[in-house]
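Subject: Handover of the two-chain model

Dear colleague,

I am passing on the structure we discussed, with the sequence and coordinates placed just below. After them you will find my notes on what came out of the analysis.

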Amino acid sequence: MTPIVSIWPLAAILVSLLGALPIILSDRHPNLRESWTILIALVKLMIVASLLPWVLEGGSYVFTIAQVVPGVPIELRVDALGMIFALVASCLWLFTSIYSIGYMRALDEHAQTRYFASFAVAISATIGIAFAGNLLTLYLFYEVLSLSTYPLVTHKQNAEARTSGRKYLTYILGTSIGLVLPAMLITYSIAGTLDFTTGGILAGKASPEILALLVVLFLFGFAKAGLMPFHGWLPAAMVAPTPVSSFLHGVAVVKAGVFAIFRVIFHILGPETLQSADLGSLITYIASVTILVASLIALTQDSMKRRLAYSTIGQLAYMVLGAGMLSAIGMLGGIMHLAMHAFGKITLFFCAGAIYVASKKKNISQMDGLGRRMPITYLAFFIGSLSIIGMPPLGGFISKWNLLLGAVEGDQLVLIVVLLVSSLLNAAYFFPIVYRGFFVPATDGEEEGIKEAPLFCLIPLSVTALVSLALFFFPDTLLRLARMALGS
Amino acid sequence: MNATNLHLFVLVVPLLAALAINLLGRRSRQWIAPLVLGSLAFSVFGSVIIMARVVEYGTLRYTVGNWQPPYGIELVVDPLSALMMVLIAVVALLASFSSLKSVEQELPGREHFFFTLYMILIVGLFGLVLTGDAFNLYVLLEITSITTYGLIAMGKGRAALSSFNYIIMGSIAACFYLLGIGYIYILTGTLNMADIARILPTLNAPVATATAIAFVLVGLWIKMAFFPLHSWLPNAYSQAPTGAGTLIAPLMTKVTVYLMVRVIITMYTPALVFTHEWIARGVVWAASLAIICGSVLALGQKDLRRMLTYIIIAEVGYMVGGIFLANANGLTGSILHIVNDAFMTLCLFLVVAAIIYRQGSVSLVSLRGIFRRMPITMAAFTLGAFAMIGVPPTCGFFSKWYLILGGIDGGHWEFVVALIVSSLINAVLFFRIIELGYFGSLPDGDNQEHAIDERREAPWWMLSPLVLTAVILIVVGLSTGPLVNNVIRLMIPVGF
């Protein structure tokens, strides 16, 4: 179907970019400022949702912003793959906005205006990544996302935040300029275009050596996906306020990295081209190592957020693993895991934040007995962790099942083992948290005063947990989009 | 004034203004601002009209006093000259707002001297991009250099010494250039560039031609501070009065790079310059070294303005390297970078001027917590920094794009690596400052108290051109396509 030229994709991006202005201007009126945030989040979700029906029918929207380089305009294109990411991101941004209000006010954080304004720019860039029509446009929004999240990561403005901010920029900006930029230019000079095309743009044009080089440059260059050894920024970024960790470092930023890798594998390099150069195993091995090592490190972390961060690194590698299988079902699993993990992981982060707000506790070893004081939070945490482990009846099961099928179908015994072992490890680092919460009695009496976090925190985390559950029973829309994204 | 000589007026009006400033500004400083701004606004207006006309009708030629070339002086406005005219006019106008304010503070009572030189410098720059005559170009080059010496010498402290150092280097450069032109005149009997381009390839004098080319290029390289001929620049630019720096830093080196492009494309023809592949290869290597060394030297600086001067040296390497890649993408990237770098440098020097106006220093230590004191200035600085790093959609990204692409096309991987490494170093350089400004002086431990600095934003005279320049960085970036297709592509010689 011919694409429809429409300004709505641009509107979806601009609404929060321009929305940063009224947020800054209502600096002195917190209630008004937060109303803007919620309003913008709602409008954005509505715009993205309004684009869904046509995309489900197999159509797409395009909009050219500017002609910059021959053959590569700054262009937006809404297709099925982008739609999945945009839907997940704009939906979860709404919940995060509500949660942010509860969290930031309960802790009486400073510089909240800067926080909400930067957040608005970041979500703009995220939607921009989802709707980018070619690699240059994606790169543009990818960089904007990196830079707009810097003030969020360093929000506390203390020495630790400064160190983490440095680490964050070094990894993220260093790889995008040092690896992705040359890879993109090499691709452009070979193909003469950077448009996302089903089947890729390099078929028959690049030698296997060049392809291997590009795979390595792109995989590690999009360091937001956290493939080892370029993962170190993610645990460091946990110094940010929890809503930032949950949304950006559980969903938007990290998935922007994975999404970019998807785009490159599906629409730039092309699965068949990679298959013929026998590069799928290169990708899956890099991902497998990350999955296992990250899960093992997660076991050793006592800080709740750091454990979640290492869990995220492992789960992101699952998605890359799926894409690297280069088979329809494996790639489907990868795409589905992007969505399923988002709802599961954000629930876990929301819970970690709620526990911190209620009890000021960051370490798992201090959280004995908290589950009885905060049953809803802990229940949500349990649901979220089950989803990420991949147990039915939760969304995560669907994606992991497809990944496993992909491994079986490809006769890749090593991958089957990796997936199974890793699931066990996931369980091993999540269940103790829940167990300690419910069954280990609190050691001293100070837990008496602790009760559930404010409703602004509690409602979003309950809803995202329920969505994880619902996605098991109603995954059809997502599955359909994912199948369309793979062109089948 | 009529359709054919409007470009002459773009040059004459600021010249008359320079004289008027000296006469009237002596009596009352009230005259200075209207004369400076009025004449430059006219130049902007005129140059934009000329640009539109050149894009529509093609190159304009005008013989001054109706003396026909090759004897008379010919003014030629082709798309590239027109682009440079607009660039010079816009940068000069934006810079002059800020200069008026900082000169008022730094050089009270000497404003009319300063702005007389300032305007003559701008006139000289206009002349340089208009002239079609190689000797006339020498004269104008000296006009701009001499006014620059004067402007720099008006600075405080060791400025006079730095200026003297610059005079020596500049004069050596002028000698080189003049010698080269002398050879050309002996060889061809003409000084008109178009004539030279016609006659030179027909002569069978490879050694003499090569010598002439080498002398002219070396002369220009000294003037543009091409590494390792750069030593005069950091002191001269960082000790000049702030108001002079905002004009000189964005324009002087860039116009000299333009002259090199002009000399190579229009006068010598690329075929002659790039005959020996190993020479072009050597220059690209030198440019790569310039980029790396400029960036690394910038890392060692403890003052924002000095740091920027070393970045200028690195950026000169970008542009020289791009030209000597001797392919279409490289040349496009270089010409685009002339425009982009002028605006980026302007943006950052306007920030420097604004901060110096408020707190007297831009040493890195004094920038602690500056975001709180001057949020709008620093927002513009951040944009300028992103452009220098090469973050899309700021303009710096797109010229780098073409330059890297040119490097890949030409197989010059050393140049590609140099560009990427320099982007990374720029990221370190600028984020170091952003970090200082953003975190301020950290209290010990996990203490969240922040010293509340009083907000003292720069005056509107300095802030508005700065904000406008920051916006221009994005606008130019997004207009890269039209700019390349309608203007720069027309300048790429056949066979590239």
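How many helices and strands make up the secondary structure of chain A? The count for chain A comes to 19 helices and 3 strands, and please keep in mind throughout that this is a predicted model.

Overall dimensions

Chain A has a radius of gyration of 21 Å, which is close to the 23 Å that the globule rule gives for 488 residues, so the chain is as compact as a globular protein of that length. Along the principal axes, the C-alpha atoms of chain A fill a box of roughly 70 × 55 × 45 Å. Of its 488 residues, 61% count as buried, and among the contacts in chain A between residues at least 6 apart in sequence, 81% join residues at least 24 apart.

Chain B holds 20 helices and 2 strands. Its radius of gyration is 22 Å, in agreement with the value near 23 Å that a compact globule of 496 residues would have, and the box filled by its C-alpha atoms is roughly 75 × 55 × 45 Å along the principal axes. In chain B, 60% of the 496 residues count as buried, while 79% of the contacts between residues at least 6 apart in sequence join residues at least 24 apart.

The interface

Where the chains meet, 26 residues of chain B are in contact with 26 residues of chain A. On the chain B side, the elements that give two or more residues are helix H17 (395-409), helix H18 (413-439) and helix H20 (480-491) of chain B, and H18(B) gives the most, with 8 residues. By residue type, the side of chain B that touches chain A divides into 18 nonpolar, 5 polar and 3 charged.

The nonpolar core

Which residues touch the most other members of the largest nonpolar core? In this core of 399 residues, they are Ile84(A), Ile261(A), Val320(A) and Ile88(B), and the element that gives the most to the core is helix H13 (residues 328-359) of chain A, with 21 residues. Leaving aside residues up to four places away in sequence, Ile84(A) touches Ile335(A), Leu338(A), Ala339(A), Leu478(A), Leu481(A), Ala482(A) and Ala485(A). As general background, nonpolar side chains tend to be buried together in soluble globular proteins.

A helix pair in chain A

Helix H2 (residues 30-56) and helix H4 (residues 112-131) of chain A pack at an angle of about 10°, with their axes 11 Å apart; H2(A) and H4(A) are therefore roughly parallel to each other. From H2(A) the contact draws on Pro30(A), Arg33(A), Thr37(A) and Ile40(A), and from H4(A) on Gln112(A), Thr113(A), Phe116(A) and Ala120(A). The residues of this contact divide into 4 nonpolar, 3 polar and 1 charged.

Backbone details to look at

Most residues other than glycine have a negative phi, and most peptide bonds are trans. Against that background, a few places in chain A deserve a look.

The peptide bond from Met228(A) to Pro229(A) is cis, with omega near 5°, and Pro229(A) is found in the loop between helix H7 (208-221) and helix H8 (233-236) of chain A. The bond from Pro392(A) to Pro393(A) is also cis, with omega near 5°, and Pro393(A) belongs to the loop between helix H15 (375-389) and helix H16 (395-409) of chain A.

Ala111(A) is not a glycine, yet its phi is positive, near 50°; its place is in the loop between helix H3 (80-106) and H4 of chain A, and with 15 C-beta neighbours inside 10 Å it counts as partly exposed. Gln157(A) likewise has a positive phi, of about 55°, although it is not a glycine. This residue is found in the loop between helix H5 (135-153) and helix H6 (159-191) of chain A, and Gln157(A) counts as partly exposed with 18 C-beta neighbours inside 10 Å.

Lastly, Tyr285(A) is found in helix H11 (residues 280-300) of chain A and, with 15 C-beta neighbours inside 10 Å, counts as partly exposed. Tyr285(A) and Val414(A) are 129 residues apart in sequence, while their C-alpha atoms are 9.2 Å apart in space.

With best regards

Terms used. Residues are numbered from 1 along each chain as its sequence is written. Chains are lettered from A and ligands numbered from 1 in the order in which they are written. This is a predicted model: local features need pLDDT of at least 70, side-chain atom pairs count only at pLDDT 80 or more; totals for chains, interfaces and linings use all residues. Two residues are in contact if their C-beta atoms, placed from the backbone, lie within 7 Å. Helices (H or I, at least four residues) and strands (E, at least two) are DSSP runs, numbered from the N terminus. Ala, Val, Leu, Ile, Met, Phe, Trp, Tyr, Cys and Pro count as nonpolar, Asp, Glu, Lys and Arg as charged, and the others, Gly among them, as polar. Axes are lines fitted to C-alpha atoms, for helices over the stretch in contact, and angles run from 0 to 180 degrees between N-to-C directions. Angles under 35 degrees count as roughly parallel, over 145 as roughly antiparallel, 65 to 115 as roughly perpendicular and the rest as oblique. A nonpolar core is a set of buried Ala, Val, Leu, Ile, Met, Phe, Trp, Tyr and Cys residues joined through C-beta atoms within 7 Å. A residue is buried if 20 or more other C-beta atoms lie within 10 Å of its own, exposed if 12 or fewer, and partly exposed in between; C-beta atoms are placed from the backbone. The radius of gyration is taken over C-alpha atoms; the globule rule is 2.2 Å times the number of residues to the power 0.38.
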